[in-house]
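Reader: I am new to protein structures. Please show me how to read one, feature by feature.
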Amino acid sequence: MTVGRIKSAILGTGLATALAGLSACTTMVDNYGYVPTDMQLQEIQVGGDTRESVADKVGMPPLEDFRRDNVWYYIASKTETYAWRAPETVDRQVVAIRFADGGSVSNIERFGLEDGEVVTLSRRVTESAVPDMGFLRGLFSNTSLAPSLPSEDAL
């Protein structure tokens with residue numbers, strides 16, 4: 001192999017490594033869920049359409065939890081993840097189609113991320129099953145080299 005070929009191979013490897021490193025820092029975009037478009041929603045007549053006709057025109061919400069007695073929810077979310085950072089929700093759309101007691105459509109509402117509030121659904125705290133023993137005591141207690149450490153009562 002000549003010196004020129006070795007330099008070309010090293011340069012090509014370095015360039016490929018640099019491109020791989022740059023591509024690892026691109027933003028990953030994830031889209032979840034489904035929301036009917038405005039054109040699809042315009043086809044639904046308030047007071048005229050029923051659950052069955054709404055299902056024919058825009059489809060049913062994908063999860064049973066989104067189909068309640070008096071309202072159907074359609075939810076779509078867009079998140080972006082950049083490198084090591086936590087995913088960030090950049091867009092969320094919620095469409096609520098409400099039904100009257102007779103089964104006809106009574107209202108159609110659209111909400112965006114800017115309309116939302118953070119709601120705490122549950123605030124339960126679970127006690128840890130692991131005793132509070134410190135890092136070193138926990139590290140040595142799981143090995144066969146565990147020294148006899150004094151108990152917490154003796155400290």
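Author: Keep one thing in mind from the start. This is a predicted model.

Reader: How many helices and strands does the chain have?

Author: Count the elements before anything else. Here there are four helices and four strands. Then read their order. From the N terminus on, it is α-β-α-α-β-β-β-α.

Reader: How many bridges join each pair of strands?

Author: Take the pairs in turn. β1 and β2 are joined by seven bridges, and β2 covers residues 71-82. Next, β2 and β3 pair over ten bridges. There, Y73 stands opposite A96 in β3. Last, β3 and β4 pair over seven bridges. In that pair, F99 is opposite V105 of β4.

Reader: What should I look for in the hairpins?

Author: Look at the residues between the strands, and at their phi angles. The hairpin of β2 and β3 has five residues between its strands. In this hairpin A83 has a positive phi near 50°. The hairpin of β3 and β4 also has five residues between the strands. There, G103 takes a positive phi near 100°.

Reader: What share of the chain is buried?

Author: Burial is read from relative accessible area, and the cut-off for buried is under 20%. By that test, 16% of the 155 residues are buried. The chain exposes about 12200 Å². Carbon and sulfur atoms supply 56% of that area.

Reader: What share of the contacts joins residues at least 24 apart in sequence?

Author: Sequence separation shows which contacts span the chain. Take contacts between residues at least 6 apart: 45% of them join residues at least 24 apart.

Reader: Now one residue. Is V95 buried or exposed?

Author: Find it in strand β3. V95 has 0% relative accessibility, so it counts as buried.

Reader: What does V95 touch?

Author: Set aside residues up to four places away in sequence. V95 then touches V35, P36, L41, W72, Y73, Y74, I108, E109 and R110. Take P36 from that list. P36 and V95 are 59 residues apart along the chain, yet their C-alpha atoms are separated by 7.7 Å.

Reader: How many salt bridges does the structure hold?

Author: Three. Start with D38 and R110, whose side chains meet at 3.0 Å, N to O. This pair links distant parts of the chain: D38 in helix α2 and R110 in strand β4, 72 residues apart. D38 is partly exposed at 49%, and R110 is partly exposed at 33%.

Reader: Which side chains meet in the other two?

Author: One pairs D49 with K57, at 3.0 Å, N to O. D49 is buried, because its relative accessible area is 7%. K57 is partly exposed, at 31%. The other pairs R98 with E109, at 2.7 Å, N to O. R98 lies in strand β3 and E109 in strand β4, eleven residues apart. R98 has a relative accessible area of 30%, so it is partly exposed. E109 is partly exposed as well, at 24%.

Technical notes
Residues numbered from 1 in each chain as written. Predicted model: local features only at pLDDT ≥ 70, side-chain atom pairs only at ≥ 80, totals over all residues. Heavy atoms only, no water. Pairing = 2+ DSSP bridges. Helix = DSSP H or I, 4+ residues; strand = E, 2+ residues; numbered from the N terminus. Buried < 20%, exposed > 50% of the residue type's maximum accessible area, 1.4 Å probe, protein only. Contact = heavy atoms within 4.5 Å. Areas by Shrake-Rupley, 256 points an atom, 1.4 Å probe, with all protein chains shown as cover. Salt bridge = Lys/Arg side-chain N within 4 Å of Asp/Glu carboxyl O.
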